[in-house]
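Subject: Structure for you to look over

Dear colleague,

Here is the structure I promised to pass on, with its sequence.

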Amino acid sequence: MPKTNKSGREVPMVPKANFTSYYGNPIVKAAPWGKDIPAYLFLGGLAGASSLLALGAEVTGNNILRRNCKFTAVGAIGASYLALIHDLGKPSRFVNMLRVAKPTSPMSVGTWIITFYGPAAGFSAASELRHLVNSKRISSLLKLINKPAMIGAATLAPALSSYTAVLLGNTATPAWHSGFKEMPFVFVGSSALAAGGMGMLTSPVSQSAIARRFAVAGVATELFAIKKMEESMGLVSETLNSGTAGQLLKASKILSISGLIGTLLIAPKSRLGSIASGAALVLSSICTRFGIFEAGQASSRDPKYTVMPQKSSNS
Amino acid sequence: MKLQFREPGINPAVLSGWEDAPPRKGFFTDTSICIGCKACEVACKEWNHVPEDGLEWLGTSYDNTGSLGASTWRHVAFIEQPIAKPASENGIASNGSANPDFRWLMSSDVCKHCTEAGCLDVCPTGALFRTEFGTVVVQDDICNGCGYCVPACPFGVIDRRDGSDSAKNVGIAQKCTLCYDRIGAGMTPACAQACPTESIQFGDLDELRVRAQERIELLHQQGNKSARLYGEDPNDGIGGAGAIFLLLDEPEVYGLPPNPVVTTRDLPEMWKRAGAAALALIVGLAAASLKR
Ligand code: SF4
Ligand code: SF4
Ligand code: SF4
């Protein structure tokens with residue numbers, strides 16, 4: 001029960017930050033990662049959810065949407081590879097990731113996911129181009145590989161869209177770890193709304209009904225999960241609402257809600273409305289990923305977010 | 001996934017597959033007798049050929065090193081702590097005739113060589129490994145600089161070295177090796193060897209734990225109630241440290257986390273959550289694909 005003071009006003013239950021730090025220095029270290037990593041969080045999510053949406057489009061007979069989703073997936077995963085390699089301290093040694101497979105390392109797990117997912121997404125997209133190929137043998141080969149590749153990519157896709165939350169969660173970065181229960185749901189929601197948005201952006205209105213429904217489900221999941229995440233983060237949730245992270249997450253919310261309204265009201269009728277709503281959703285997903293990334297970095301820089309939760313768990 | 005880290009008190013070298021591992025090695029850093037000479041910092045730099053880490057004036061007492069990092073593997077913290085009453089409590093500053101109105105807190109910090117090491121758990125290349133001595137070491141030639149170990153360490157110890165490409169090991173993660181080369185040859189690590197007051201004691205961890213216990217009891221008998229051990233408990237959030245400390249104040253005063261827990265302990269739960277979210281995504285797609 002919330003405490004009340006004499007005048008009946010609620011007294012905030014947030015513990016007072018009364019501890020002595022070492023000259024205000026951080027205790028944990030912020031990840032030495034640049035913009036590549038939040039960009040990857042977005043791109044990997046977009047790729048995964050697009051592969052799933054491609055499968056949905058196939059099943060429902062929306063061929064243009066299916067093709068466009070496959071192209072989105074392969075473009076996004078290709079850019080992901082570049083971002084991930086670029087962010088390494090020793091890019092020439094990126095293959096060292098493949099020396100081991102370690103379930104205690106979400107990065108190792110993720111590397112194996114994208115190692116298998118990438119080629120599947122690639123072949124799946126390539127088979128869409130089989131009519132442009134002159135050689136009969138290659139084109140029939142691409143036809144043969146189409147289904148297995150599409151299903152393979154769609155099978156790995158959910159893991160690709162959700163594991164990145166574990167990647168962040170398994171760190172001592174206060175804002176990432178304290179939200180580990182809900183962050184996977186934030187991330188799959190964000191992936192779905194990005195893929196749905198991209199589908200709306202690239203495909204005709206008549207083809208993109210599933211993309212719209214997928215996006216709506218994504219927005220609902222993301223908004224709900226992020227609210228729940230804020231609650232479980234306790235004191236550390238401050239970092240979601242202040243500084244760069246706060247601005248990004250606010251922008252994300254505005255974009256996803258306006259994207260949602262657009263998707264429901266305008267996108268089914270107007271191609272332009274569909275493009276605008278889709279773009280808002282894609283941008284929202286970018287803002288979410290950069291926002292959560294920045295919240296983590298900010299929480300590492302202030303020792304209070306490391307010390308206070310540990311002190312209250314002590315007593 | 002093997003949840004082998006749940007059994008306290010077991011030599012992690014044995015868990016990592018070392019047969020007939022020697023006794024686990026570690027440090028006991030008794031900060032109550034540290035004089036802040038920084039001989040450990042210098043010795044570590046010299047022996048391990050660690051490059052310069054910035055020569056800034058930080059305005060933080062006599063500490064111009066700041067914190068542990070890729071090019072600082074021993075770090076002496078300095079705190080000039082005001083005290084109200086004459087220093088009878090800590091048994092150190094009161095040795096002189098005049099009773100100062102402050103006390104020195106000086107502590108040489110180092111990698112904890114955790115029993116459950118977050119850095120090692122998350123390393124995707126296997127560059128970080130557990131040695132036969134139970135210590136945690138980066139293999140310079142394998143690390144690809146992914147940087148994951150950096151936020152995974154609950155103490156903020158390890159870091160990726162930056163600097164010009166020509167400098168040694170730039171782009172890869174670096175930290176204390178507990179002088180793997182020296183202890184492998186039966187020698188004492190450079191920092192402990194250089195410590196003139198034996199504030200840094202090296203040895204078999206079991207023995208050091210006993211010594212630390214005796215020392216803390218003595219200090220408590222002498223009335224130093226604020227003295228405490230840090231990292232000595234095999235039941236703590238990292239399964240106990242390989243480098244244990246005797247502190248004279250709360251850990252956070254020295255820039256140490258008060259109650260760190262390796263996040264890998266939550267990892268099975270995290271994978272479950274991610275699995276549920278992945279499933280939700282599939283359900284969402286299926287629902288969206290239904291013909292209406
Ligand atoms: S203190 Fe940090 S760097 Fe050292 S072993 Fe523990 S987790 Fe690794
Ligand atoms: S930076 Fe090197 S040591 Fe650290 S996790 Fe990555 S590969 Fe392992
Ligand atoms: S044990 Fe060796 S590497 Fe570690 S701090 Fe001491 S001198 Fe440096």
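Chain B has 292 residues, of which 57% count as buried, where buried means under 20% relative accessible area, exposed over 50% and partly exposed in between, with a 1.4 Å probe and protein chains only. Its C-alpha atoms fill a box of roughly 90 × 45 × 45 Å along the principal axes, and the chain has eight helices and 10 strands; helices (H or I, at least four residues) and strands (E, at least two) are DSSP runs, numbered from the N terminus. Among the contacts in chain B with a separation of 6 or more, 63% are between residues 24 or more positions apart, a contact being heavy atoms within 4.5 Å.

This is a predicted model, in which local features need pLDDT of at least 70 and side-chain atom pairs count only at pLDDT 80 or more, while totals for chains, interfaces and linings use all residues. Residues are numbered from 1 along each chain as its sequence is written, chains are lettered from A and ligands numbered from 1 in the order in which they are written, and side-chain values use heavy atoms, with hydrogens and water left out.

On confidence, the model scores ipTM 0.92 and pTM 0.93. The pLDDT, which is the predictor's confidence in each residue from 0 to 100, averages 92 over chain B, with 91% of the residues at 70 or above. Residues 1-5 of chain B, however, have a pLDDT below 50, and this stretch has nine contacts in the model beyond near neighbours in sequence. Where pLDDT is low, the predicted coordinates should not be read in detail.

Turning to the ligands, I count a residue as near a molecule if one of its heavy atoms lies within 4 Å of it. Around ligand 3 there are 13 residues, of which B:Cys44, B:Asn48, B:Cys176, B:Cys179 and B:Cys191 come nearest, and α2 (39-48) and α6 (190-194) of chain B each supply at least two residues of that shell. By class the shell has 10 nonpolar, two polar and one charged residues, where Ala, Val, Leu, Ile, Met, Phe, Trp, Tyr, Cys and Pro count as nonpolar, Asp, Glu, Lys and Arg as charged, and the others, Gly among them, as polar. Ligand 1 also has 13 residues around it, and B:Cys111, B:Lys112, B:Cys114, B:Cys119 and B:Cys153 come nearest; that shell divides into nine nonpolar, two polar and two charged residues. The shell around ligand 2 includes B:Cys123, B:Cys143, B:Cys146 and B:Cys149, and has seven nonpolar, four polar and no charged residues.

Some single residues may also interest you. B:Val262, in the loop between β10 (243-247) and α8 (267-289) of chain B, counts as buried because its relative accessibility is 2%. Leaving aside neighbours within four places in sequence, B:Val262 is in contact with B:Glu116, B:Ala117, B:Gly118, B:Asp121, B:Gly237 and B:Ile238.

Most residues other than glycine have a negative phi. B:Asp20, which is not a glycine, has a positive phi of about 30°; B:Asp20 lies in the loop between α1 (12-15) and β1 (25-30) of chain B and, at 78% relative accessibility, counts as exposed. A:Tyr23, also not a glycine, has a positive phi of about 50°, and is partly exposed with a relative accessible area of 35%.
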